[in-house]
Amino acid sequence: MGSVTANELTLDDLAEWLRRYAQIVDENKAYLTELDSAIGDADHGANMARGTAAVVTTLDQAQSIDALLKKAGMTLVSTVGGTSGPLYGTLLMKMGMATGQRIALHPDEFGKAFRAGVEGVIARGKTELGDKTMIDALVPSIDAFDAALADGAGLHDAVDSAQQSAAAGRDATIPMVARKGRASYLGERSAGHLDPGATSATYLWDALADLLGV
Ligand code: ADP
Ligand code: MG
């Protein structure tokens, strides 16, 4: 697969995005589980690897971007037992609902869809910024993506900016006290640890950056 140079994301690009996401998750499975062993139940790597491997088997069937994303999201919901499955599933399903039957998206359309996905996670998880969840990586990343486009950046530079903001948001979860999910059971003791879900959320942008040659 060559890198994408056009200022749009096609159906094939988005399928490749999810393939690369699955690959990065698989490569970091042990690390994600290690993070979850500190403040959760040590299954985030296994959960995400199982779910994304199942998603990969669905990617060749879709004829449009909405079908691709909805199927991927439903597959995550049905194969991942943990909290993260339904939340990542919601992200992709809401993205799919936002795109309509398309075979390519302009950067601003991708941004709108991604934001709809993030809003879906917030609604389903009843989360807000600062709760020490995946939201703390997702919200700053889509804000940065949109801000870059508003400044006149193309897809490549907007993804670069989103990737950096996701990583910064992920790292900002370290001092936070968890207010959602299993980590919240630890109260103050959850502080001082990176959130596993914010880490796997950052991989979404790493996968897209990899695809685009960022
Ligand atoms: P479980 O907590 O059921 O074992 P995982 O270990 O797969 O599920 O996922 C844990 C991650 O899910 C956390 O690190 C956090 O980022 C995310 N998470 C948990 N609860 C919520 C929520 N209510 N909203 C958003 N993200 C959440
Ligand atoms: Mg867990």
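In this predicted model, Arg20 and Glu16 form a salt bridge, with 2.8 Å between the closest N and O atoms. Both residues belong to helix α1, which covers residues 11-27. Arg20 and Glu16 are four residues apart, about one turn of the helix. Side chains of opposite charge can pair when their charged atoms come close. The cut-off applied here is a side-chain nitrogen of Lys or Arg within 4 Å of a carboxyl oxygen of Asp or Glu.

The next topic is the ligand site. Ligand 1 sits in the largest pocket. The elements that supply two or more residues to the shell around it are α3 (44-56), α5 (84-99) and α9 (196-212). Of these, α9 gives the most, with three residues.

The shell can also be described by residue class. Around ligand 1 there are four nonpolar, 10 polar and six charged residues. Of the 20 residues around ligand 1, those that come nearest are Thr83, Ser84, Gly125, Thr127 and Asp195.

Ser84 places a polar side-chain atom 2.6 Å from an oxygen atom of ligand 1. Asp195 likewise has a polar side-chain atom 2.6 Å from an oxygen atom of ligand 1. For Thr127, an N or O atom in the side chain is 2.7 Å from a nitrogen atom of ligand 1. Ligand 1 taken alone exposes 560 Å², and the protein buries 94% of that area.

Conventions:
Residues are numbered from 1 along each chain as its sequence is written. Chains are lettered from A and ligands numbered from 1 in the order in which they are written. This is a predicted model: local features need pLDDT of at least 70, side-chain atom pairs count only at pLDDT 80 or more; totals for chains, interfaces and linings use all residues. Side-chain values use heavy atoms; hydrogens and water are left out. A residue is near a molecule or strand if one of its heavy atoms lies within 4 Å of it. A polar contact is a pair of N or O atoms within 3.5 Å; within protein, one must be able to donate a hydrogen and the other to accept it, and residues adjacent in sequence count only if both atoms are side-chain atoms. Accessible areas come from the Shrake-Rupley method with a 1.4 Å probe; for residues, only the protein chains shown count as cover. On a 1 Å grid over the protein atoms alone, a cavity is a set of points where a 1.4 Å probe fits but cannot get out, and a pocket is an open set with protein on both sides within 12 Å along at least five of seven lines; lining residues have an atom within 4 Å of a point. A molecule sits in a cavity or pocket if more than half of its atoms lie within 2 Å of its grid points. Ala, Val, Leu, Ile, Met, Phe, Trp, Tyr, Cys and Pro count as nonpolar, Asp, Glu, Lys and Arg as charged, and the others, Gly among them, as polar.
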